[in-house]
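Welcome! Please take a look at the sequence and the 3D structure below, and keep both at hand while you read.

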Amino acid sequence: MALLDVVEWNNAPGEVINRFKEGDIAVGSQLIVKEGQEAIFFKNGQALDSFGPGRHTLVTQNIPLLGKLINIPFGGKTPFPAEVYFINKSEIPNLKWGTKQPIQLLDPIYNIPVPIRAFGSYSIRIKDIKSFLITAIGTWQAFTTDAIGSGVRDQIIMPKIQDLIAEFMIKQSITILKLVAYYDEIGTAGKAKMLEDFSSFGIELLRFAVESINIPEEDESVKRLKKALADKAEINIMGGDDYKMKRTFDTMEKAAGSDGMAGGMMGAGMGMGMGNQMGNMMGNMMGGGQGQQQQGQKQCPHCNTVNPAAAKFCSSCGKEMVVATEPCPSCKENIPAGAKFCPKCGANLQGSNCKKCNAKLKPGAKFCPECGEQQ
């Protein structure tokens, strides 16, 4: 193989590193380093003399650190006794990362473990050439751009990604199914979390983004989680009492449809019992409990137990037979205390978080009491 007299690297966009093996170039060759590049000699696991942009002749006085390790022969066309690495010091954009296998995360709202896969991109710039080469060549044995990308993903990004997403969900109190709305925030938090790790390898992390978090639709845990979320939404829309009534009707319908005589008799019995209960519930909801009161009875507003009309406390649950009320902060109508939505105007009474500092806000608050931000 002929020895090279001119050594240079015309790097393509996105390439990080290029190597000229020991013995590929001749002593006294011209080393041409382009703008945005740096060339460095590597010998016996050590990063030695380096060269910035310009044209350099490989002579003794230009390579003092290497010259201290070995006697560099001159005269004739002698192979150069060290490897030469070219490093691209400009930004390397749109590098990809992704989970090879699904990772298990516990949903902080529903306490259901769900397998997810996450994908994204990142941009880097080589900041400390010697630290980077010692890691890439000495530790990762990565001599190509693709191999270095794999080293960064396996050694830095992937050990952090599971904890990053789990920690974000816990702090924000959000379910896995709503993560799609938080990709930007997760990416920002991920960059802050990994800056120091990248820096220890001589790399500056310029950008880190989450582009997709995939959940397998056919997984049983995902189905359970989606059902829990649908049930919660239905309760919020219908209200607790209406939801209970609907579930009771569903149970009655299922029982009444059971096969066989035993199932039919059971369905009939359950239907009669539940029918009476539903009649009481419907009468109470539609007529305010007037039917029972006309017969000298009234229904407990907390557990639905029928009590004498003069009873002040429920004989079953012991609670006062009066529902506490409070004014709606939106329409000022008196509504049951603890209601999540106003039955008059539909206002959300559950409170919210400040969009700037995430402090807890009271229902209807227009300004944050912590930072003063308008909501």
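This is a predicted model: local features need pLDDT of at least 70, side-chain atom pairs count only at pLDDT 80 or more; totals for chains, interfaces and linings use all residues.

Residues are numbered from 1 along each chain as its sequence is written, and side-chain values use heavy atoms, with hydrogens and water left out.

**Reading the terms**

- Helices (H or I, at least four residues) and strands (E, at least two) are DSSP runs, numbered from the N terminus.
- Two strands pair if DSSP finds at least two bridges between them.
- Buried means under 20% relative accessible area, exposed means over 50%, and partly exposed is in between (1.4 Å probe, protein chains only).

- Four strands make an open sheet in the order 2-7-4-5, with antiparallel pairing.
- Its edge strands, each pairing on one side only, are strand 2 (17–20) and strand 5.
- From one strand to the next, the twist averages 25 degrees; axes are lines fitted to C-alpha atoms, for helices over the stretch in contact, and angles run from 0 to 180 degrees between N-to-C directions.
- Strand 4 and strand 7 (residues 83–88) run antiparallel and are joined by six bridges. Glutamine 37 has asparagine 88 in strand 7 as its bridge partner.
- Helix 2 (residues 129–139) lies across strand 2, strand 4, strand 5 and strand 7, at about 55 degrees to strand 4.

- Another open sheet has three strands in the order 1-3-6, and its pairing is mixed.
- Here the edge strands are strand 1 (4–7) and strand 6 (54–57), each of which pairs on one side only.
- The twist averages 15 degrees from one strand to the next.
- Strand 1 runs parallel to strand 3 (residues 25–33), and three bridges join them. Leucine 4 stands opposite isoleucine 25 in strand 3.

**Strand 9 and its surroundings**

- In a regular strand the side chains alternate between the two faces of the sheet. Strand 9 has Ile103 and Leu105 on its covered face, and Gln104 and Leu106 on its uncovered one.
- Four bridges pair strand 9 with strand 10 (residues 113–126) in the antiparallel sense. Isoleucine 103 stands opposite isoleucine 116 in strand 10.
- Leaving aside neighbours within four places in sequence, threonine 99 is in contact (heavy atoms within 4.5 Å) with Arg117, Ala118, Phe119, Met158 and Ile161.

**Aromatic rings**

- Rings of Phe, Tyr and Trp (its six-membered ring) pair if their centres lie within 6.5 Å; planes under 30 degrees apart count as stacked, over 60 as edge-to-face and the rest as tilted.
- The count by this rule is eight aromatic pairs. One of them is tilted: tryptophan 140 and phenylalanine 201, with 5.4 Å centre to centre and 50 degrees between the planes.
- Tryptophan 140 lies in the loop between helix 2 and helix 3 (145–172), and phenylalanine 201 in the loop between helix 4 (183–200) and strand 11 (203–214), so the pair ties together parts 61 residues apart in sequence. Both tryptophan 140 and phenylalanine 201 are buried.
- Phe41, Phe51 and Phe80 form one aromatic cluster.
- Arginine 19 lies over the face of phenylalanine 143, at 4.1 Å from the ring centre. A charge sits over a ring if NZ of Lys or CZ of Arg is within 6 Å of the ring centre and within 35 degrees of the ring normal.

**A kink and some positive phi values**

- Helix 3 has a kink of about 45 degrees at isoleucine 157, shortly before proline 159. The bend at a residue is the angle between axes fitted to the seven residues ending there and the seven starting there.
- Most residues other than glycine have a negative phi. Asparagine 44, which is not a glycine, has a positive phi of about 50 degrees.
- Asparagine 44 is in the loop between strand 4 (37–43) and strand 5 (46–51), and counts as exposed because its relative accessibility is 65%.
- Serine 173, which follows helix 3, has a positive phi near 55 degrees.
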